[in-house]
Amino acid sequence: MSDLAKAYEPQAVEEKWYAQWEASGCFKGVLPTEPGVEPHAITIPPPNVTGVLHMGHILNNTIQDILTRRARQQGKAAVWVPGTDHAGIATQTRVEKKLRAEGKSKWDLGREGFVEEAKKWRDEHGGIILKQLRKLGASCDWDRTVHTLDEGYSRAVLTAFVELYHKGNIYRGKRMVNWCPKSLTALSDEEVIMKPQKGFLYKMKYAIAERPGEFVEISTTRPETLMGDTAVAFNPKDERYTHLHGLHAVRPFPQANIPFVLDEHVDMEFGTGMLKVTPAHDRADLEIGQRHNLEVIDVLTPDGKINCPETPELHGKDRFEARKLAATMLEEMGLLVEREKYENNVGFSERADVPIEPRLSDQWWMKYPKIEEAKQVVRDGKIKFYPERWTKTYLHWLDNIQDWCISRQLWWGHRIPVWYAKGVDRENLTDEDLRDESKVWVSVFPPNDPENWEQEEDVLDTWASSWLWPYAVFNPDYEGKLRFRKVGEIVSEKYLQDVRLKVFAGMVENLRPDSRNPDYVRDISLAKGDGAGPKIEYRFIELEKLADSEQNEKVRELKFWYPTQALATGPDIIFFWVARMIMAGLEFMGEVPFKNVIFNGIIRDAQGRKMSKSLGNSPDPLDLIEKFGADGLRLGMLMIAPKGADILFSEDRIQSGRNFCNKLWNACRFRLMNEPEGSEQIKGKKLKLKSILERLEFDKFDADDHAILAKLLDALADYDASFETFEFNRTTDTLYNFFWNDFCDWYVEVSKSKAQSDSLRGNCLAIQDLCLRSVIQMLHPITPFITEELWSTLDFGEGFIHETKIPTAADLRAQLSAVGVTLDQAAIIEVEKLQDFVNQARALKVQYTLSAKNDVTFFLIADEADRIIVDSHKEKLRKLAGAGAIEPRDDVQNMPAVVSKLGTLYLDLAGSVDAEAERAKIDKQLIQLDKAIKGAEAKLGNDKFVNNAPAEVIDGVKATLADNKAKAEELRKLKAGLGA
RNA sequence: GGACGGUUAGCUCAGUUGGUUAGAGCGCCUCGCUUACACCGAGGAUGUCGCAGGUUCGAGUCCUGCACCGUCUACCA
């Protein structure tokens, strides 16, 4: 008898199995010892180290876990590499906040002290999310956990910087950047979010210096930058203003004459067609300024306050306060024409959520490498996007790509590996200076004489480290022991690739003496070609390799796992990661980083609003796991996630995930309850596939047995297909339909009568075992805990469930046929007839409010063939329909009846028929049928249809027409039998 | 301003290359603790497939236009 609890209780099961999995080391990605084993690697899109698990992570990581677990079931070598990124701004903000609470600032600690403090914070409070992922069941190879600031990973980051620098992809330049006045750093365009803002369009007038009493009207949203105006511009085509050419406008404060300039950029239609030009504070204005050699006057401090001592009323005021004040000042001077309510788009800092400030500053920029190739691999399908339509967004971004501002004015991050010789004027470095290693030192490791140098203060954008993730995570943190021998060869790019591989693998530390330890070599030194051709040549120092098996192992690791199989992420991350990772992979590995990109929708609340802390509409996933079980939550999420579209989340909607688990649990429990007393089948480990197959008795198969196994094979095939295109919705649909509708609602029900028969029981239970075993295998990647538990309880195989290879539909079909079982697809149709028979009978009873258990008598009028079918399934039908007896008759009068696919059923009600109601019921059906019959007849009477439509369609219409006519005729007879 | 996606039952969504009477889950109504499961079972109601044209023997499906919703993108101050 069963020793399973009546309802599935996930908590204990989940804890038990996760502990066993981890203890066994089965999540570890290990290189196969035999040839021919396929790799399956996924690297987690590294979550922010300050982050905690939210609903988006649940879906995203469930998908990665499903793919990884399935790969294991398919006998592949699978690895899922976890990790976190260091989240420059977010972490630094947290640590500064903590210091502030202690009454300190980062300046008190100094750079090194602060970084130490941040590390401490990270180690104590960071990476919570990785612990939480274990609760979800994530089968990551935890030993491989990587953090972007790890030594090994950092080596890859700096190496990439140095290479790109020497290739000319990275440069320093004074440009307009997105400045965050709160975080006090530059941001890339991708980190700026445009938001519509309500404000005013201030219309003001400037006097014309040369024409006293005359004014021009100018519109602006930012009067507080007026002090930085160095010109007023209008379009050269604008005839209204041509007379102003060569004249000056009077800037009100600090008062000055500024020239009118003619520039195409000015839109004649907008406002008065007159534009104030503030080169220091507007991207377009800066360009105008450059075209007309205008002075650039910066009137803002880095933290967004006015810096203009000449205008003491505004000096030191916050930019938004100053905006109002400046307008008031204009008003008082009689220069403000009006304040018009106005809405425009303003860029906000993604992290700090304050308006960014266009600001001219020295920054490091990256000209992206391999842009064309990155487009090509996606166009060619070398990398596939699911859903495919996101390729358009991807290509569009690459078509319009701008150089990437990769420097950040932070302390927490990879400090840019550039050193300036002391005394060198950093502000005015020429290209030649930059190539002069006595002035600028760009290298993974510091110069030999650090006392004569000053390192660049800025760190790299976090994304400029995590874009290397798909290969750099395989970079072991290993102190290599290699020596160099010889200098001065020229090598090819291909050769360099190999060297780089070794560097990443820790085999080569460097090709340059390391000042800290002269025994070590520490850098690849690259030199740009002399410009003669596009081919770049590298100065190279040959290596003396120390034979070291562990080091070789690392190279093999990288070569084996890379390219990875898939990246699972949200479409909002296409620019941040997908595109950049592809470019990095192509540049540094010479190969794409992943073959598939799976985009999951964004999770919203039931009203369609994005989840956010301030709305409080974001449930804690751990609470949900508590409530529904990790399996229930995982399954529930997949069930409600439409492919590629956003997900409207509500707890009600994921309940079905938990319910499904419970149903599975109980089906297995019921199976155990049906095990005959004293049977050794389960306890004796006899439910392995081979022994189940041997227990099948093909000579005892009836239509139900054929049908359920045929459907099982269909389900398996559909299941496999759903993985080809990552349609997890379809996966769960297939499983749900097969397991719940076909197996539980029908096959288990018909089994109940078979199980009473000693001769039928064995075969029937073997079929149940095969179905349950297959369902549990198919479900395992989605709901790992419960399936592991049931696999073990029912003794379906040795070891963990994933250690047994999951068969494909074709495999299973072949194995069935090997034991003499060949399935008759036609049985499915017979079973549909049986089901119709049962449904009709039940419906008939319900209409007369007879309870299901009330065993009534049915009379049946049917033709010979149908009678035979009914007869051969009589026991099951009786039980399912709730009939004491089903008696064949030739004629029945005056009883409620229904026309089924296996004949007309009459309910023996001993004359208590409501003839009126019966006739109404029949009429309703007749109306529908007549409509269908007329439609079909019209079709068949139409020569064009008969001539054009394919034969099977015509036959189908004919067959249905015949069925409908027969049914209609039957109904008319019934109606007549009810009297007038 | 561009680009992309969506509009099918009360809600959330499926609907393969046009083809027989358009489906599922949830919710709703009625009944039911029948040898697993009330996290369950039985039965039931519910659709002008956004609108308007077009192609076709045949359109939820293809074409054109429009409307509305959503997302991304853009230097109109």
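At least two residues of the surface near RNA strand B come from each of strand 8 (215-220), strand 13 (336-349), helix 10 (390-399), helix 18 (651-673), helix 21 (728-754), helix 25 (827-847), helix 29 (943-948) and helix 30 (951-977). Here a residue is near a strand if one of its heavy atoms lies within 4 Å of it, and helices (H or I, at least four residues) and strands (E, at least two) are DSSP runs numbered from the N terminus. This is a predicted model, in which local features need pLDDT of at least 70 and side-chain atom pairs count only at pLDDT 80 or more, while totals for chains, interfaces and linings use all residues. Residues are numbered from 1 along each chain as its sequence is written, chains are lettered from A and ligands numbered from 1 in the order in which they are written, and side-chain values use heavy atoms, with hydrogens and water left out.

**Surface near RNA strand B**

- Helix 18 gives the most to this surface, with 10 residues.
- Of the 55 residues around RNA strand B, those that come nearest are D267, R653, K879, T960 and N964.
- The residues of this surface comprise 21 nonpolar, 18 polar and 16 charged, where Ala, Val, Leu, Ile, Met, Phe, Trp, Tyr, Cys and Pro count as nonpolar, Asp, Glu, Lys and Arg as charged, and the others, Gly among them, as polar.
- Sugar or phosphate accounts for 52% of the atoms of RNA strand B within 4 Å of the protein, and bases for the rest.

- A base nitrogen of RNA strand B lies 3.4 Å from a polar side-chain atom of Q756.

**T220 in strand 8**

- T220 lies in strand 8 and is buried, with a relative accessible area of 8%; buried means under 20% relative accessible area, exposed over 50% and partly exposed in between (1.4 Å probe, protein chains only).
- Leaving aside its neighbours within four places in sequence, T220 is in contact (heavy atoms within 4.5 Å) with F200, L201, Y202, M204 and K276.
- A polar atom of the T220 side chain lies 2.9 Å from the backbone nitrogen of R222, and the C-alpha atoms of T220 and M274, 54 residues apart along the chain, are separated by 9.7 Å.

- Apart from its neighbours within four places in sequence, F161 is in contact with I170, W364, I406, I416, P417, V418, V442 and L460.

**Chain A and its domains**

- Chain A has 30 helices and 33 strands, and of its 980 residues 54% count as buried.
- The domain assignment, whose bounds come from an automatic or database source, gives domain 1 (185-351), domain 2 (486-541), domain 3 (628-823), domain 4 (832-913) and domain 5 (916-977).
- The C-alpha centres of domain 4 and domain 5 lie 23 Å apart, and the contact between them takes 13 residues from domain 4 and 7 residues from domain 5.

Methods. Polar contact = N/O pair within 3.5 Å; in protein donor to acceptor, adjacent residues only side chain to side chain.
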